[in-house]
Amino acid sequence: MVPQTELSAPGSATVATTVTPRQSAVRRVFRSEHTLFLLFVLPNLVLFSIFTYWPLIYNVYLSLSTWNFLTPDKPFVGLDNFRFLFSSAEFWGVMRSTAIYTVGAVGGSVLLGLSAALLLNQKLRFRTGVRAMIFAPTLLSGVAISIVWFYIFDPRVGLFREMLSWIGVASPPWLGDPDWAMVSVIIVYVWKNLGFAAVIYLAGLQGIPKDLYEAAKVDGANAIQRFRDVTWPQLGSIHFFVMVTSILGTLQSFDIIRTLTGGGPVDATTNLIYYTYEQSFINSNAGRGAASAMILFAVMLVVTIVQYRISERRTHYA
Amino acid sequence: MVLSRRSVIASAAGLGAATLASRPAITAPKVIRQTGSDTEISFWHGFTGARGETLQALVDGFNALDTGVQVTALPYGSYEEVAENLVRALGDGTAPDLVAMSEALWFRFYLSGSILPLDDLIASTGFDLEDIIPAFRAEGQRAGQTLWLPFSRSTPLVYYNRDLLRAAGLDAFPASWAEFADVAPSLTNTDTQVYAIAQSTIANLVAWAFQGVTWAYGGAYSDGELNILIDEPGAVAAGDFYLRSIEEGWGYASPQGNQDLGNGFAAATIASTGVLNDTSALAEATGFELGTAFLPSAEPGGPTACPTGGSGLFVVGSAPAERQAAAFAFLTYCLSTETTTTWAQSTGYMPVRTSAIESPAMLDFFAANPNFRTAVDQLPVARASDTARTWVPGGDAIIATGITRILVESADPQEVFSEVASQLEVEAQPVRDQIIALEGNLTTQGTPGAIPAATPAATPAATPVAAR
């Protein structure tokens with residue numbers, strides 16, 4: 001049995017003299033950088049392999065097969081699923097909807113997020129409370145807020161109808177018309193994402209050195225010029241971060257669309273991830289769903305690579 | 001009577017107690033009793049809210065009986081979610097023993113061999129199959145086997161605002177769409193945003209409701225051998241009628257038709273019998289008299305028909321024999337005259353037994369709530385939906401998207417349905433292949449051909465009645 005003193009004083013001279021040859025060998029192994037590296041990496045690697053890499057590889061396999069989830073065999077069909085998608089007018093409609101939704105939601109998040117941040121950066125009463133209110137929707141469940149918005153959009157009894165009636169405007173058929181339905185889901189996404197964008201922008205605004213503004217003032221710059229020539233360029237990396245995270249967020253946006261419109265009317269709000277869900281679980285076509293998922297994966301990979309390249313360049317520049 | 005959620009639950013609880021007091025002899029098959037301990041089974045369904053609570057009360061009532069079977073019910077948010085999760089569970093070996101499955105979603109599980117044919121259990125337990133309403137019974141039969149039995153069955157109905165119709169000089173909803181179109185402009189007031197009909201675009205309602213309109217116009221989505229017919233003149237004429245309602249300005253596309261009707265913004269809409277309670281409560285709150293009527297014919301005196309809907313119960317084929325027998329014991333309880341009566345009165349679904357429809361409890365209930373009777377009266381013209389909607393995975397959604405295009409984009413019905421037919425054709429072929437692999441050919445061997453085709457509308461539309 002190893003004496004207690006040896007345990008309580010590892011690394012001491014006393015201990016060194018009592019270490020057995022076997023313990024010494026173990027230490028040598030652990031000192032090896034590779035082993036240590038594996039030791040740290042292995043738990044994550046195992047988890048990623050099971051929950052990320054294997055599903056990804058399996059998804060590639062499924063995208064080359066035809067399967068309805070229920071039959072035991074999954075016949076190999078090569079690129080048939082991709083050919084079907086690329087020759088389908090419905091699929092290109094989905095890509096168009098995805099692009100509109102992404103541009104609208106990202107643009108709205110950037111513009112309104114920055115506006116809110118500029119407002120919250122002023123010395124206002126109840127500023128902390130207002131910040132909390134703006135950030136709160138980010139934390140709420142997409143399904144829950146969509147149910148609330150469903151009633152806000154109701155063209156006959158909804159809150160928006162009431163508010164528009166104050167200025168004598170009739171409510172549009174928010175969720176009943178393909179174009180307005182897209183506007184509706186963008187509004188809800190921006191409302192939910194606004195707090196996140198605002199917080200990031202606020203951090204960016206507070207990181208801009210005050211002396212830049214003072215120097216601009218000395219040079220006679222007015223508020224608009226100070227915003228154009230100081231604030232906007234200083235927020236360069238923040239714009240980029242908000243845009244990239246919002247693009248990735250909208251591409252993965254499912255809950256709002258599922259709850260609010262179900263992808264309709266007439267597939268008008270079906271984005272790529274919702275289409276993947278429809279193909280897989282409503283149409284029971286695992287192969288086509290997997291192919292659709294691969295295309296979504298490719299789009300997101302491109303966005304991520306662009307983000308990586310640009311952020312790398314910015315870091316070096318800094 | 002005010003049909004509030006609380007009163008429904010209270011009445012369900014009361015009826016549940018009454019059921020227990022006067023319950024039929026629900027006994028577990030021998031195979032269960034011999035084990036000496038309770039057999040636990042799992043039951044998946046798609047009922048939430050008040051219906052979910054009522055069903056749980058029924059489950060609790062069963063568990064309190066000395067049958068040797070304990071049921072754990074797991075509610076999902078919808079029939080579609082049940083189907084999605086069952087697909088997963090069948091793959092990973094965690095499937096339940098009993099499932100409440102939509103009439104539009106069961107076929108894929110039949111084709112994959114996931115459903116236990118019930119004939120042996122029916123024979124060995126003396127289950128009274130003949131008492132099950134024939135239209136419902138036939139729907140769950142295929143290739144000479146009974147695969148599922150009806151539980152929560154519904155049909156589409158016309159719901160209408162009787163006060164608005166009376167103001168336009170009508171005592172009842174017209175028996176034909178042609179007559180309705182004649183009076184529809186007088187039911188419409190664009191200033192107050194009240195329209196003659198809210199054409200529902202609710203995802204899983206559109207193609208089902210339009211099925212009845214299609215049949216009325218002499219069309220079909222497909223035949224029993226899965227030949228696609230939606231681009232032929234009958235269905236296109238039904239599409240033309242929908243388009244006309246939009247173009248003439250007395251109809252509008254609504255993602256919440258029955259709510260609009262209940263809130264007084266539409267004179268009529270087509271909705272399921274399953275929303276009768278909710279719509280009655282809304283009409284009550286808004287302060288108008290609610291009426292229900294059969295789906296009309298196209299022209300006066302023409303044929304009429306309506307699709308059956310809702311769900312049935314099937315036993316999962318992969319479950320051990322002991323649990324299959326236990327699941328059937330619970331299924332028997334769910335479909336007993338007393339339980340189906342309780343469930344129907346609490347939810348608006350139809351009783352599934354002839355003996356229940358004719359029971360004093362149900363007759364009293366119909367007398368007090370005549371709107372509930374309309375669906376039952378409509379049963380002689382009820383039949384299963386066309387195969388393109390129920391057999392083709394995604395078929396319902398493909399058809400629904402086409403109909404919605406007509407409603408919200410004023411798209412040409414012939415053009416739309418030609419595209420829909422092409423899409424359905426692509427998706428139908430693997431199903432045809434599977435049927436041939438399983439049964440040898442595509443000849444209809446059960447539903448839906450077993451039910452007579454569209455029948456002349458001999459019975460006038462149901463007398464309009466008050467919501468209360």
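A:Leu70, A:Arg156 and A:Val266 account for 34% of the area that chain A buries against chain B, more than any other three residues. The model is predicted: local features need pLDDT of at least 70 and side-chain atom pairs count only at pLDDT 80 or more, while totals for chains, interfaces and linings use all residues. Residues are numbered from 1 along each chain as its sequence is written, chains are lettered from A in the order in which they are written, and side-chain values use heavy atoms, with hydrogens and water left out.

The contact (heavy atoms within 4.5 Å) involves 26 residues from chain A and 27 residues from chain B. Two salt bridges are counted between the chains, a salt bridge being a side-chain nitrogen of Lys or Arg within 4 Å of a carboxyl oxygen of Asp or Glu. A:Arg156 forms a salt bridge with B:Asp260, and their closest N and O atoms are 3.9 Å apart. On the side of chain A that touches chain B, the elements giving two or more residues are helix H8 (142–152) and helix H15 (272–282) of chain A. H15(A) gives the most, with three residues. Helices (H or I, at least four residues) and strands (E, at least two) are DSSP runs, numbered from the N terminus.

Chain B contains an open sheet of five strands in the order E2-E1-E3-E14-E6, with mixed pairing. Strand E2 (69–75) and strand E6 (149–154) of chain B are the edge strands, each pairing on one side only; two strands pair if DSSP finds at least two bridges between them. Neighbouring strands of the sheet are turned by 20° against each other on average, direction ignored. E6(B) pairs with strand E14 (residues 309–315) of chain B in the antiparallel sense, over five bridges. In this pairing, B:Pro150 stands opposite B:Gly312 in E14(B).

Two helices of chain B lie across strands of the sheet. Helix H3 (residues 49–63) of chain B lies across strand E1 (39–45), E2 and E6 of chain B and runs at about 165° to E2(B). Helix H14 (residues 321–334) of chain B lies across E1, E2, strand E3 (98–102), E6 and E14 of chain B, at about 60° to E1(B). Axes are lines fitted to C-alpha atoms, for helices over the stretch in contact, and angles run from 0 to 180 degrees between N-to-C directions.

Terms used: Buried area = accessible area lost by both parts, 1.4 Å probe.
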